[in-house]
Amino acid sequence: MENGGFWEAKMQEEEKKRDAYRKLIDYGQEQENAKEPDWEESGDWDNTEEDGDFDNFCVDTGGIFEEEEEEALFASLNESLMRQVAEELDGTQDGEQGAGEETTGGKKMGKTKKVLTVVGSLVLVLVLATVFLVGTRPGRKVVINFAAKFVWQNIKHKEPGAVAVAIHPIFIAEEDGGGIVVVPGVTVTPVPEDAEEIRKEDYVKNILIFGIDQGDMDSVHSGSLNTDTIMIATLNTKDKTVKITSILRDMYVELDDGVGRKINSIYAVGRRNNQGPELLMHTIEDYFKIDLMGYAYVKLASFEDVVDILGGVSIELGSKEAHYLNTTNYITDPRNRNLKTGVNHMNGNQVAGYCRIRKVETLGGATNDYGRTLRQRRVLQAIFQKYKSQSFMNLLPVTQSCLSKVTTSLTEQQIAELLEMFLENGITEMESFRMPLNDTFYDSGKKGYNGITYGLVIDNIEANVLYLYENLYADTPEEAKENYDALKR
């Protein structure tokens, strides 16, 4: 009996151990199931959606709540769960976990999916924003206004004068010792706006572009302020083109005082009264009967900088041009006098010298100022093409650097208007012309005309105006004549 009691106690003890072991195993299984529940087998969860999507979350409340109350309850729960996901992505959950806590592979995968979901959403938003900005007119308006502000903030500004001025010679009496000496002098008088005598059209915008060959643009010494480059840039939405019209620097003009001058000196004359651009604009408007929206100008040294900022441009030279540039001081840096016949990739200093040539014929046979303006238009075309070829990443700094070299009277609103006309009409082509036309003027030569030697005197201004109307305004010959005659009524 004693031995039987011993073995019975022993068996009871072993049974207790096995029972404790089974409980331990069951507890471990319960804990494992609590970590990674098998939702598919239980049917309590629809696992067809992406991790983190709670739209299909559903629990039977056993009729405790009404249907509307259930929807409100689980909508609140859904919002809470989504907020927790967002906090996890922001790193708040990581901060709450202990430094030594081990992250499972399943949790990493879940978080990766969540990150990809958020990134995908951001990409979608960016794509939709891009479609809106590019594919809709209101969106493009946003882009245009932003671009106009960028241009306005980086370009130099000059407020336009209230009126243009004309120069009138008068005589001023001064005492000199015992007598009176009469000396010539000048005064300025306002010139009325001849709005009814110049043509204005909503679909055409003309901007005066000019450059100064020498001297300090801010100097009062008018003798060094000739505008040896004068152009009219025209934006036309009717035929969807940009047009550049060169004006010969030696074109003879008269102001209200009747004194003869070459047009490249008009800026210097008006500069005495701080209205150089305004007087030049008024003169061009008066002769060619077109409206100028505003102006932009650049100094020769700044022009060289613009070409260098773009990385140079390619220009084709004739043999006479290449030889002339290599043997004269038109290229101011002797190290750059290494050009050849044919296509040359030219830097700013070389291009500036090329633009000044007028004593040898250009490629194609043009000579004198005709060849000079042709070269300038070729350079402008090359700059236009080089700018268009800039990479997207390089476009912004290049634009910013180039704008800093230009001074304009255009307002931010006018710049936005021009950009909108340009972009909305898909303008990508540039055409070029030269004024005055052949056979509508003569060279006054050494003998001169009204005191101006070698001035190009226009003897048929109407032919030039009609030509501009046909090319800048896309008129038919009949429309050009009708519009010109309407201005004279």
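**Helix packing and backbone features of the predicted chain**

Leaving aside neighbours within four places in sequence, lysine 446 is in contact with Thr453 and Tyr454, where contact means heavy atoms within 4.5 Å. The structure is a predicted model, in which local features need pLDDT of at least 70 and side-chain atom pairs count only at pLDDT 80 or more, whereas totals for chains, interfaces and linings use all residues. Residues are numbered from 1 along each chain as its sequence is written, and side-chain values use heavy atoms, with hydrogens and water left out.

Lysine 446 is placed in the loop between β14 and β15, and at 69% relative accessibility this lysine counts as exposed; by the definition applied here, buried means under 20% relative accessible area, exposed over 50%, and partly exposed in between, with a 1.4 Å probe and protein chains only. The loop between β14 and β15 (456-458) also holds tyrosine 454, which is partly exposed, with a relative accessible area of 44%. Although tyrosine 454 is not a glycine, its phi is positive, at about 55°. Most residues other than glycine have a negative phi, and most peptide bonds are trans. Lysine 289 lies in the loop between α8 (276-288) and β9 (294-299) and is buried, its relative accessible area being 18%. As to the peptide bonds, the one from methionine 435 to proline 436 is cis, with omega near -5°, and proline 436 belongs to the loop between β13 (430-435) and β14 (441-443).

The chain as a whole contains 16 helices and 15 strands, where helices (H or I, at least four residues) and strands (E, at least two) are DSSP runs numbered from the N terminus. Of the 489 residues in the chain, 37% are buried. Among contacts between residues at least 6 apart in sequence, 65% join residues at least 24 apart.

Two packed helices are described by the angle between their axes and the distance between the axes. Helix α9 (residues 300-309) packs against helix α11 (residues 348-356) at an angle of about 125°, with the axes 8 Å apart; axes are lines fitted to C-alpha atoms, for helices over the stretch in contact, and angles run from 0 to 180 degrees between N-to-C directions. That angle makes α9 oblique to α11, given that angles under 35 degrees count as roughly parallel, over 145 as roughly antiparallel, 65 to 115 as roughly perpendicular and the rest as oblique. The crossing of α9 and α11 is right-handed, a crossing being left-handed if the near helix is turned anticlockwise from the far one by less than a right angle, and right-handed if clockwise. To this contact α9 contributes Leu300, Phe303, Glu304, Val307 and Asp308, while α11 contributes Gly348, Asn349, Val351, Ala352, Cys355 and Arg356. These residues divide into 6 nonpolar, 2 polar and 3 charged, with Ala, Val, Leu, Ile, Met, Phe, Trp, Tyr, Cys and Pro counted as nonpolar, Asp, Glu, Lys and Arg as charged, and the others, Gly among them, as polar.

Within α9, the buried residues are Ser302, Phe303, Glu304, Val306 and Val307, and the elements that cover them include β9, β10 (313-317), β11 (342-346), α11, α12 (368-388) and α13 (392-403). Just after α9, glycine 311 takes a positive phi of about 90°. Strand β11 includes glycine 342, which is buried at a relative accessible area of 18%. Not counting residues up to four places away in sequence, glycine 342 touches Ile315, Glu316 and Leu317; the C-alpha atoms of glycine 342 and isoleucine 315, 27 residues apart along the chain, are separated by 8.1 Å.

Helix α15 (residues 461-472) and helix α16 (residues 477-487) form another packed pair, at an angle of about 120° and with their axes 9 Å apart; the two helices are therefore oblique to each other. Their crossing is right-handed, and the contact involves Glu462, Val465, Leu466, Tyr469 and Glu470 of α15 together with Pro477, Ala480, Lys481, Asn483, Tyr484 and Leu487 of α16. The residues of the contact between α15 and α16 divide into 7 nonpolar, 1 polar and 3 charged.
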